[in-house]
Amino acid sequence: MDINTFMQNFADAIEDVQFNQLTEELDFKNELEQWDSLAVMTTLAMIDSEYNVILEGKDIEKCKTISQLFDLVKSKSEA
């Protein structure tokens, strides 16, 4: 599991988001205009299907950056 693959999957999960728009430190909830309730749902679905990790919306709320979300998914996939 690496962050570049995670960021590509993140970009693929959200409509109109390109990989090159993303950085590990992007505050996706505040800086990504496409971030809305649909983006939350598609991101949760992507994490479930790609990493076999089930998160809830409140888990994503605790994360500010893509790196923090990646670390959360990684920690749960290794548990």
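Helices in these legends are DSSP runs of H or I with at least four residues, numbered from the N terminus. The model shown is predicted.

**View 1. Asn-52 in the loop between H3 and helix H4 (57-61).** Asn-52 is not a glycine, yet its phi is positive, at about 55°. The relative accessible area of Asn-52 is 69%, and the residue is therefore classed as exposed, the cut-off being over 50%.

**View 2. Asp-16 in the loop between helix H1 (3-13) and helix H2 (28-31).** Asp-16 is a residue other than glycine with a positive phi, near 65°. Its relative accessible area is 57%, which places Asp-16 among the exposed residues.

**View 3. The salt bridge between Glu-56 and Lys-58.** The two side chains meet with an N to O distance of 3.6 Å. Side chains of opposite charge can pair when their charged atoms come close. In this model the count of salt bridges comes to 1. Glu-56 is partly exposed, with a relative accessible area of 46%, while Lys-58 is exposed, with a value of 53%. The two residues fall into separate classes because exposed means over 50% relative accessible area.

**View 4. Thr-43 within helix H3 (residues 37-51).** The relative accessibility of Thr-43 is 0%, so this residue counts as buried, the limit being under 20%. When residues up to four places away in sequence are not counted, Thr-43 touches Phe-10, Ala-13, Ile-14, Trp-35, Ile-60 and Leu-69. Of these partners, Phe-10, Trp-35 and Leu-69 are also listed among the residues with the most contacts inside the largest nonpolar core.

**View 5. The largest nonpolar core, with 28 residues.** The residues with the most contacts inside this core are Phe-6, Phe-10, Leu-22, Phe-28, Leu-32, Trp-35 and Leu-69. At least two residues of the core are supplied by each of H1, H3 and helix H5 (66-77).

**View 6. Leu-22 and its contacts.** Leu-22 is one of the residues with the most contacts inside the largest nonpolar core. With neighbours within four places in sequence left aside, Leu-22 is in contact with Met-7, Phe-10, Ala-11, Val-17, Leu-32 and Ile-66. Among these partners, Phe-10 and Leu-32 are likewise named with Leu-22 for the most contacts inside the core.

Technical notes. Residues numbered from 1 in each chain as written. Predicted model: local features only at pLDDT ≥ 70, side-chain atom pairs only at ≥ 80, totals over all residues. Heavy atoms only, no water. Salt bridge = Lys/Arg side-chain N within 4 Å of Asp/Glu carboxyl O. Buried < 20%, exposed > 50% of the residue type's maximum accessible area, 1.4 Å probe, protein only. Contact = heavy atoms within 4.5 Å. Core = buried A, V, L, I, M, F, W, Y, C linked by side-chain atoms within 4.5 Å.
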